[in-house]
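Hi,

Here's the structure I promised to pass on. Have a look at it first, then read my notes below.

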Amino acid sequence: MISEMLKPNIQELQKDVIDLLEQVSSLMNHASTALSSDSTGKKYAEFEQQVSQEIDKVRNLELRMAIVAPMKAGKSTITNAIIGQEISAKS
């Protein structure tokens, strides 16, 4: 019962992360506009574009990570824990 209460709701987390990233994107846009006469403005515009790409990844629940460890070290266990369901068999 307690573990169910602690289990994160993926949709709520996804929405929260998207909201935060959109705020960051807005700040980057503001900085880019304010500093448009400076080369720094271009850098902020590039950051804004990168944040927008990350928003798309979060919307698609896209995640890439490498989990490397010796045999029987718990790679499947940690992967299943991160995902929140058993997707890789434990051998």
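To start: where is the place of isoleucine 87? Isoleucine 87 sits in the segment after helix 4 (75-83). Keep in mind that this is a predicted model. With a relative accessibility of 51%, isoleucine 87 counts as exposed, because the cut-off for that label is over 50%.

Next, the aromatic rings. How many aromatic pairs does a search of the whole structure find? The search turns up 1 aromatic pair. Its partners are tyrosine 44 and phenylalanine 47, with ring centres 6.1 Å apart and planes at 85°, so the pair is edge-to-face. For planes, that label applies over 60 degrees. Both residues belong to helix 3 (residues 39-59), and because they are 3 residues apart there, about one helical turn separates them. Tyrosine 44 has 27% relative accessibility, so it counts as partly exposed. Phenylalanine 47, at 32%, counts as partly exposed too.

Last one: is serine 25 buried or exposed? Serine 25 counts as buried, because its relative accessibility is 10% and buried means under 20%. You'll find serine 25 in helix 2 (residues 10-34). Leaving aside residues up to four places away in sequence, serine 25 touches Glu48, Val51 and Ser52.

Cheers

Key:
Residues are numbered from 1 along each chain as its sequence is written. This is a predicted model: local features need pLDDT of at least 70, side-chain atom pairs count only at pLDDT 80 or more; totals for chains, interfaces and linings use all residues. Side-chain values use heavy atoms; hydrogens and water are left out. Helices (H or I, at least four residues) and strands (E, at least two) are DSSP runs, numbered from the N terminus. Buried means under 20% relative accessible area, exposed over 50%, partly exposed in between (1.4 Å probe, protein chains only). Rings of Phe, Tyr and Trp (its six-membered ring) pair if their centres lie within 6.5 Å; planes under 30 degrees apart count as stacked, over 60 as edge-to-face and the rest as tilted. Contact means heavy atoms within 4.5 Å.
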